[in-house]
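Visitor: I would like to learn how to read a model like this one. Please take me through it feature by feature.

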Amino acid sequence: PAWLQRLCGHLLSERLLRPGGVQAVVRGVLEGTEGGVGAEAAALDWKKCDAVGKILAACPQQCLSLQDYYRLVCPQILDLLHIQDKVAARQFQRVATTTLLTMAREQPQLAERHLLQPLLAPLRRCSEG
């Protein structure tokens, strides 16, 4: 029903905008999907990570502005690249990559400012020295 979709969307958006919210949502959605065997399990894993990344890239209707969404969510997406748990790290990196690529395609200026510049800052510092 439409009311349930709105409620779920609102709760998801609210959680994503909190500190650590992106990681919590990704963990919740992907929980229990690792450990499959074979090409079929790997393809399913990729599809699920891809779907989560595309959801993260979409600014929710409840958000005040696209700028605010990127400001709050992009640092959390970059944090997904630094997960220490080796089993979860692969999936988190897939989600982060899909999200970054989708955001860069859809909102290049915002993605450059909030994702690409912070991601490339260490490389830029090394090349300037």
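Guide: We go from the overall fold to one helix, its packing, and then the salt bridges.

Guide: This is a predicted model, where local features need pLDDT of at least 70, side-chain atom pairs count only at pLDDT 80 or more, and totals for chains, interfaces and linings use all residues. Residues are numbered from 1 along each chain as its sequence is written, and side-chain values use heavy atoms, with hydrogens and water left out.

Visitor: How many helices and strands does the protein have?

Guide: Elements are DSSP runs numbered from the N terminus: helices are H or I with at least four residues, strands are E with at least two. Here that gives six helices and zero strands. The order from the N terminus is α-α-α-α-α-α.

Visitor: What share of the residues counts as buried?

Guide: Buried means under 20% relative accessible area, exposed over 50%, and partly exposed in between, with a 1.4 Å probe and protein chains only. Of the 129 residues, 32% are buried. Take Gln-91, in helix H5 (residues 86-106). Gln-91 has a relative accessible area of 2%, so it is buried. Gln-91 also lies 9.4 Å from Arg-27, C-alpha to C-alpha, although 64 residues separate the two in sequence.

Visitor: Which residues of H4 are buried?

Guide: They are Tyr-69, Tyr-70, Val-73, Cys-74, Gln-76, Ile-77 and Leu-78.

Visitor: What span should H4 have, and what does the model show?

Guide: The expected span is 1.5 Å times one less than the number of residues. H4 has 14 residues (66-79), so it should span 20 Å; its end C-alpha atoms are 20 Å apart, which agrees.

Visitor: Where does H4 bend?

Guide: A bend at a residue is the angle between axes fitted to the seven residues ending there and the seven starting there. H4 bends by about 30 degrees at Val-73. A proline, Pro-75, follows within four residues.

Visitor: How do I describe the packing of two helices?

Guide: Use the angle between their axes and the distance between the axes. Axes are lines fitted to C-alpha atoms, for helices over the stretch in contact, and angles run from 0 to 180 degrees between N-to-C directions. The axes of H4 and helix H6 (residues 108-128) come within 9 Å and cross at roughly 20 degrees.

Visitor: Why are H4 and H6 called roughly parallel?

Guide: Angles under 35 degrees count as roughly parallel, over 145 as roughly antiparallel, 65 to 115 as roughly perpendicular, and the rest as oblique. H4 and H6 cross at roughly 20 degrees, so they are roughly parallel.

Visitor: How many salt bridges are there?

Guide: A salt bridge is a side-chain nitrogen of Lys or Arg within 4 Å of a carboxyl oxygen of Asp or Glu. The count is three. Arg-18 pairs with Glu-14, with closest N and O atoms 3.2 Å apart. Arg-18 is partly exposed at 39%, and Glu-14 is partly exposed at 36%.

Visitor: What about pairs within a helix?

Guide: An α-helix has 3.6 residues a turn, so residues three or four places apart point the same way. Asp-50 bridges to Lys-54, with closest N and O atoms 3.3 Å apart. Both lie in helix H3 (residues 38-57), four residues apart, about one turn. Arg-71 and Asp-68 are three residues apart, so about one helical turn separates them.
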